[in-house]
Amino acid sequence: MVVLLGVLVVILGFATRRNPLLVVGVAGIATGLLGELSPVEILRAFGDGFASSRSVTIFAITLPVIGLLERNGLQQQARTLIGKLGKLTTGRFLALYLALRQLTAAFGLQSIGGPAQSVRPMIAPMAEAAAERRNGGRPLPERVREKVRSHSSATDTVGLFFGEDCFLAIGSILLITGFVNSTYDTHLEPLSLALWAVPTAVCAFLIHGARLLRLDGTLDRELAASTADSATEAAQESAK
Amino acid sequence: MIKSEWFFWLVGAAFLIMALQMTVDRSNPRRWGSAAFWGLLGICFVYSTWVVDKSLPAEPLGVAVLAMICLGGFEFTGKGVPRTTNERERTELAARWGNKLFIPALTIPLVAVLCSAVLDKWSIGGEPVLEDGSETILGLGIGAIIALGVGMWVLHERRPTVPVHAGRSLLESMGWALLLPQLLAVLGSIFQAAGVGTQVGKITEQVLPDGQRLAAVALYCVGMAVFTIIMGNAFAAFPVMTAAVGWPVLVEQMDGNAAAVMAVGMLAGFCGTLVTPMAANFNLVPAALLELKDQYGPIKAQAPTAAAMLGCNIAIIYLFAF
């Protein structure tokens with residue numbers, strides 16, 4: 001039972017907004033000690049864990065090329081491009097991206113998107129540009145821009161999560177067959193698991209897609225409110 | 001054969017070069033702490049090769065990981081003023097290059113896909129060109145390198161220092177958040193070694209009401225989501241909840257369709273991933289990359305979808321798996 005205190009350390013650490021690195025470090029050491037690992041074994045666990053999980057960090061290798069493109073105006077060009085598609089609102093654009101992300105992930109093309117590869121350089125600027133057009137071409141207020149960017153990232157993640165499991169050679173499917181087949185001496189086929197992921201994928205598209213289409217209305221209201229605010233401010237300013 | 005370890009060395013070397021540049025960047029108020037953090041990370045990336053094949057001890061790597069946790073955790077890292085173009089220059093450059101700018105950006109996914117779909121099946125003299133099981137990782141790496149070449153060619157950029165500086169600015173603006181996903185994976189493996197999974201299984205047995213199908217399905221799915229929220233990773237929650245409820249109760253006792261229960265159960269875990277800061281690579285890293293003031297912005301945008309999807313997953317198992 002006492003090893004569960006390690007889980008408690010994590011919950012408390014995040015709940016009290018401590019630095020996440022320290023939370024992870026303290027929780028790891030505490031759980032190791034409570035689980036009766038020796039200090040040397042704990043160090044070994046940290047080292048082995050780091051060595052075998054390096055692939056999580058390798059997206060950093062794409063940063064130089066993304067940085068090079070950004071200093072040459074990639075985000076600005078993305079805005080120009082979307083500016084030409086007159087009818088595409090933020091919500092419709094993101095719903096379109098959701099469909100693309102789910103479909104490509106279902107065919108095993110998970111790395112086609114992602115926060116570093118596509119959201120920062122292309123998707124978020126395009127979604128912002130669509131919102132700016134609705135705002136009469138003026139820059140977005142801080143709050144609205146944060147919301148558009150958050151939704152750009154969210155759409156990418158939701159599309160990936162509820163698309164990739166329809167592909168049979170993905171990590172989670174292999175984890176399921178590996179764990180179940182070896183632990184319970186049975187035989188699950190990756191293909192049948194992938195097919196069972198389809199109903200959830202359809203639900204995800206309908207639910208998140210509907211939310212994105214409603215986002216346009218929310219953004220319009222917030223933009224109208226902030227324009228009214230700045231208009232009153234301007235009026236007060238001139239009345240002085 | 002192209003090995004994935006070579007690629008890890010390249011990533012390590014990139015971190016080391018950027019760390020060296022940081023030591024001479026006087027615009028960064030914490031340049032020594034930043035250089036130590038990224039330099040240590042670069043060394044660890046290379047040293048790990050011999051930890052994986054068990055020819056060097058893992059303990060020194062553990063010490064280095066704790067040192068990085070302290071450097072980042074006690075805020076010894078900082079960022080310099082990037083030497084880059086301003087908004088007006090970027091607009092002019094965008095007008096000059098036009099849609100050519102998208103070519104290098106789209107090269108990365110295109111090459112990654114080619115590697116995992118086509119190159120994956122190639123072999124020379126009976127040996128596969130790409131190391132088995134590493135096609136996706138190598139695809140991303142090869143894609144990034146080719147895209148860098150294409151980008152420099154398209155943009156007539158001859159100085160290799162320009163993309164390195166640009167990449168370093170992005171690295172500095174993300175800061176230690178870049179390392180968090182990997183550390184959470186480390187924490188998961190420590191939890192496993194210390195026996196956290198077995199304990200949760202015991203508790204689950206005590207709370208589960210006998211023979212109530214909907215309660216059992218809900219417990220499995222909600223348990224997957226809750227455990228994922230705590231651990232930040234549905235892969236870590238899956239063995240715990242499946243051993244506790246999924247297999248013994250839903251499949252054996254209630255005769256559920258194993259493929260349906262397991263596949264949808266994993267997706268219920270993903271609903272947890274959408275709402276937890278512990279899943280840093282999906283939630284906090286994008287917030288840092290997009291320079292959001294509210295680091296929980298993506299989580300807030302995802303939460304309603306996650307809640308609805310959890311309900312859908314419970315319904316799918318309850319209605320179709322028995």
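Colleague: How many helices and strands does chain B have?
Modeller: Happy to start there, with the reminder that this is a predicted model. The C-alpha trace of chain B spans about 70 × 50 × 45 Å along its principal axes. Within chain B there are 14 helices and two strands.

Colleague: Which domains is chain B divided into?
Modeller: The bounds come from an automatic or database domain assignment. As for spacing, the C-alpha centres of domain 1 and domain 3 of chain B lie 34 Å apart. The division of chain B is into domain 1 (4-74), domain 2 (87-157) and domain 3 (195-321).

Colleague: What percentage of the residues of chain B count as buried?
Modeller: A residue is called buried when its relative accessible area is under 20%. Chain B has 322 residues, and the share that count as buried is 57%.

Colleague: Where does B:G256 lie, and which residues does B:G256 touch beyond four places away in sequence?
Modeller: B:G256 lies in the loop between α11 (234-253) and α12 of chain B. Its relative accessible area is 10%, so B:G256 is buried. B:A321 is 65 residues away along the chain, yet the two C-alpha atoms are separated by 5.5 Å. Leaving out residues up to four places away, B:G256 touches B:L250, B:V251, B:A321 and B:F322.

Colleague: Is B:T273 buried or exposed?
Modeller: B:T273 is found in helix α12 (residues 258-273) of chain B. Setting aside neighbours within four places in sequence, its contacts include B:T228, B:F282 and, from chain A, A:F161. The relative accessibility of B:T273 is 5%, and the limit for this class is under 20%, so B:T273 counts as buried.

Colleague: Now for the other chain. How far apart do the C-alpha centres of domain 1 and domain 2 of chain A lie?
Modeller: The domain assignment of chain A gives domain 1 (3-55) and domain 2 (60-239). Their C-alpha centres are separated by 32 Å.

Colleague: Why is helix α4 of chain A described as largely enclosed by the rest of the structure?
Modeller: Helix α4 covers residues 63-71 of chain A, and among its buried residues are A:L63, A:I66, A:E70 and A:R71. Just after α4, A:G73 takes a positive phi of about 95°. The helix is largely enclosed because the number of its residues that are buried is nine of the nine.

Colleague: What is the area buried between chain A and chain B?
Modeller: The size of an interface is often given as the accessible area lost when the parts come together. Here 102 residues of chain A are in contact with 129 residues of chain B. Carbon and sulfur atoms give 78% of the buried area, which is about 10600 Å².

Colleague: Which residue forms a salt bridge with A:R120?
Modeller: The count between chain A and chain B is four salt bridges. In the one with A:R120, the closest N and O atoms are 3.0 Å apart, and the partner is B:E291.

Colleague: Which helix of chain A gives the most to the side that touches chain B?
Modeller: Across this interface there are 19 residue pairs in polar contact. With 13 residues, the helix that gives the most to chain A's side is α8 (residues 142-164).

Colleague: How many nonpolar residues does the side of chain A that touches chain B have?
Modeller: By class, this side has 30 polar and 13 charged residues. The nonpolar residues there number 59.

How values were computed: Residues are numbered from 1 along each chain as its sequence is written. Chains are lettered from A and ligands numbered from 1 in the order in which they are written. This is a predicted model: local features need pLDDT of at least 70, side-chain atom pairs count only at pLDDT 80 or more; totals for chains, interfaces and linings use all residues. Side-chain values use heavy atoms; hydrogens and water are left out. Buried means under 20% relative accessible area, exposed over 50%, partly exposed in between (1.4 Å probe, protein chains only). Contact means heavy atoms within 4.5 Å. Buried area is the accessible area (1.4 Å probe) that two parts lose on being put together, summed over both. A salt bridge is a side-chain nitrogen of Lys or Arg within 4 Å of a carboxyl oxygen of Asp or Glu. A polar contact is a pair of N or O atoms within 3.5 Å; within protein, one must be able to donate a hydrogen and the other to accept it, and residues adjacent in sequence count only if both atoms are side-chain atoms. Ala, Val, Leu, Ile, Met, Phe, Trp, Tyr, Cys and Pro count as nonpolar, Asp, Glu, Lys and Arg as charged, and the others, Gly among them, as polar.
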